[in-house]
Amino acid sequence: MSPPHIPEDLIATLRSARRVVASTGAGVSAESGVPTFRDALTGLWAKYDPMKLGTPEAFEEDPKLVWDWFAWRRQLVQKAAPNPGHVALAAFPEHFEDFTLVTQNVDGLHRQAGSKNVLELHGNLFRFRCHDCGVRVDAIDDGEGAPRPPACAVCGGRVRPDVVWFGEGLPEDVLSRAFTAAREADVLFSIGTSAVVYPAASLPEIALSSGVVVVEVNPTPTPLTPHATHVLQGPSGEILPAILAALEGPNLT
Ligand code: OAD
């Protein structure tokens, strides 16, 4: 199969860009075998709606159910490895004076692929804190027979994954750095996200209103598609390596 075509004018724009932002969603991990949110869940969890499990209300009503769902997702991610899309993004900083990687993903695969200083808007599945007193919890006992959720060593409350649930605020410093990067960029990529969950979905909007070139990478159209400057339709595991190859290749202009 021939590699995806990257338009010459986009390559030229990227070659002269100084500040570049990539904002990623679940689609960038799809080729690693991590299901996206708007895919139907299969197997054990098929009857649950991920939007309803990832809420503080659900945790308060049935902490074991929500803990077990996140434990299942952690297991899935532990078996997954970064795909060529993650790997290509990890090499992007070599090509720009300033590169910011923002993700809605909680799977840590960007960091595993070698990306540094990732702005994790929705937290991380492998970090924990107490839902009741807020203290950070460094290690949990995830073994057979361990209480689910674990009890907080400080207050005896319920330990939870340090991820942002629906209805909760995003980490303010992370969000403000992401907004600033989107506003000041020359080019912003929106990759593998359905672009419907705010505030993350406002990153390309902020960029567009600041005159930034916005490039969408996604196999299917999203609400951003009609507004993006360039739309590269296809899987990020193929398109991002093709962009990198174009950046690394000889300058034809
Ligand atoms: P979604 O599940 O909403 O969207 C995934 C997107 O990835 C879709 O637009 C797919 O078309 C696209 N996609 C699928 N396969 C792809 C591939 N191989 N390459 C590129 N794109 C592909 O995921 P998000 O937009 O990340 O929030 O969801 C946003 C937030 O909603 C999540 O962070 C999570 C969720 O509820 C919280 O947990 C707070």
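Where is the place of N117? N117 sits in the loop between α6 (109–113) and β3. The views below come from a predicted model.

**View 1. N117 has a positive phi.** The phi of N117 is near 50°, and N117 is a residue other than glycine. Most residues other than glycine have a negative phi. N117 counts as exposed, because its relative accessibility is 67% and the cut-off for exposed is over 50%. The loop that holds N117 runs between α6 and β3.

**View 2. A195 also has a positive phi.** A195 is not a glycine, yet its phi is positive, at about 55°. A195 lies in the loop between β7 and α8. A195 has a relative accessible area of 11% and is buried. The loop between β7 (187–191) and α8 (202–209) is also where P199 is found.

**View 3. A cis peptide bond joins Y198 and P199.** Omega for the bond between Y198 and P199 is about 5°. Most peptide bonds are trans. P199 belongs to the loop between β7 and α8.

**View 4. A cis peptide bond runs from R148 to P149.** Omega of the bond from R148 to P149 is near 0°. P149 is found in the loop between β5 and β6. R148 is found in the loop between β5 and β6 as well. R148 counts as partly exposed, at 40% relative accessibility.

**View 5. R148 pairs with D68.** Side chains of opposite charge can pair when their charged atoms come close. In the salt bridge between R148 and D68, the closest N and O atoms are 2.6 Å apart. This pair links distant parts of the chain. R148 is in the loop between β5 (136–137) and β6 (159–163), while D68 is in helix α4, and 80 residues separate them. R148 is partly exposed at 40% relative accessibility. D68 counts as buried, because its 17% relative accessibility falls under the 20% cut-off.

**View 6. D138 forms a salt bridge with R136.** The closest N and O atoms of D138 and R136 are 3.7 Å apart. D138 is exposed, with a relative accessible area of 70%. R136 counts as exposed too, at 56% relative accessibility. The structure holds 12 salt bridges.

**View 7. E168 forms a salt bridge with R160.** The closest N and O atoms of E168 and R160 are 2.8 Å apart. E168 counts as partly exposed at 23% relative accessibility. R160 counts as buried at 1% relative accessibility. Elsewhere, salt bridges that share partners join R111, E120, R127, R129 and D162 into one network.

**View 8. The largest pocket holds about 910 Å³ of space.** Rolling a probe the size of a water molecule over the atoms shows where empty space is left. The volume of the largest pocket is about 910 Å³. Its lining has 48 residues, and A26, T36, F37, R38 and N105 are the closest to the pocket centre. Helix α4 provides the largest share, six residues. By type, the lining residues of the largest pocket divide into 26 nonpolar, 17 polar and five charged.

View 9. An N or O atom in the side chain of E31 is 2.8 Å from a nitrogen atom of the ligand. Backbone atoms also approach ligand oxygen. For F37, a backbone N or O atom lies 2.8 Å from an oxygen atom of the ligand. For Q104, a backbone N or O atom lies 3.3 Å from an oxygen atom of the ligand.

**View 10. H122 contacts the backbone of Q104.** The side chain of H122 reaches the backbone oxygen of Q104 at 3.3 Å. H122 is placed in the loop between β3 (119–120) and β4 (123–130). H122 counts as buried, at 14% relative accessibility.

Conventions:
Residues numbered from 1 in each chain as written. Heavy atoms only, no water. 1 Å grid on protein atoms, 1.4 Å probe; cavity = no way out; pocket = protein on both sides within 12 Å on 5 of 7 lines; lining within 4 Å. Points joined across faces, edges and corners; volume = space filled by probe spheres on them. Helix = DSSP H or I, 4+ residues; strand = E, 2+ residues; numbered from the N terminus. Nonpolar A, V, L, I, M, F, W, Y, C, P; charged D, E, K, R; others polar. Salt bridge = Lys/Arg side-chain N within 4 Å of Asp/Glu carboxyl O. Buried < 20%, exposed > 50% of the residue type's maximum accessible area, 1.4 Å probe, protein only. Polar contact = N/O pair within 3.5 Å; in protein donor to acceptor, adjacent residues only side chain to side chain.
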